[in-house]
Amino acid sequence: MGVHESDTKTVRHPDVGTFTFDCYVLVAPGSDLRIVAYTAAPGSDAADLLRLLNVIGTQAMTEDSTPG
């Protein structure tokens, strides 16, 4: 049986700002295997910012950026 640890992580993104995730670490006993899952509660600011990042993707978000 694995071990479960939980924490929160705060991320600063250059386009959407700072937001906090729930962080879950699943550890397989007797090995170095770790699975890390970051989640945002539905309806939270972090969930909204993740949806925004999904839309803007890797676009440059500057005033003078003009599509080629």
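What covers the buried residues of α1? Keep that in mind for the helix stop.

This is a predicted model, where local features need pLDDT of at least 70, side-chain atom pairs count only at pLDDT 80 or more, and totals for chains, interfaces and linings use all residues. Residues are numbered from 1 along each chain as its sequence is written, and side-chain values use heavy atoms, without hydrogens and water.

Stop 1: Select β1 (3-13), β2 (residues 17-27) and β3 (34-39). Strands are DSSP runs of E, at least two residues; helices are runs of H or I, at least four; both are numbered from the N terminus. The three form an open antiparallel sheet in the order β1-β2-β3. Pairing takes at least two DSSP bridges. β1 and β3 each have a single partner strand, so one side of each lacks a neighbour in the sheet.

**Stop 2: β2 against β3.** Six bridges join this antiparallel pair. Pick Y24: its bridge partner in β3 is A37.

**Stop 3: the helix.** Select α1, residues 45-56. Helix α1 lies across β1 and β2. Its buried residues (under 20% relative accessible area, 1.4 Å probe, protein chains only) are A46, A47, L49, L53 and I56. Their cover includes β1 and β2, by contact of heavy atoms within 4.5 Å. Step on to G57, which follows α1 with a positive phi near 55 degrees.

**Stop 4: the core.** Select V16, F19, F21, A46, L49, L53 and I56, the largest nonpolar core. Such a core is a set of buried Ala, Val, Leu, Ile, Met, Phe, Trp, Tyr and Cys residues joined through side-chain atoms within 4.5 Å. α1 gives the largest share, four residues.

Methods. Axes fitted to C-alpha atoms, helices over the stretch in contact; angles between N-to-C directions. Buried < 20%, exposed > 50% of the residue type's maximum accessible area, 1.4 Å probe, protein only.
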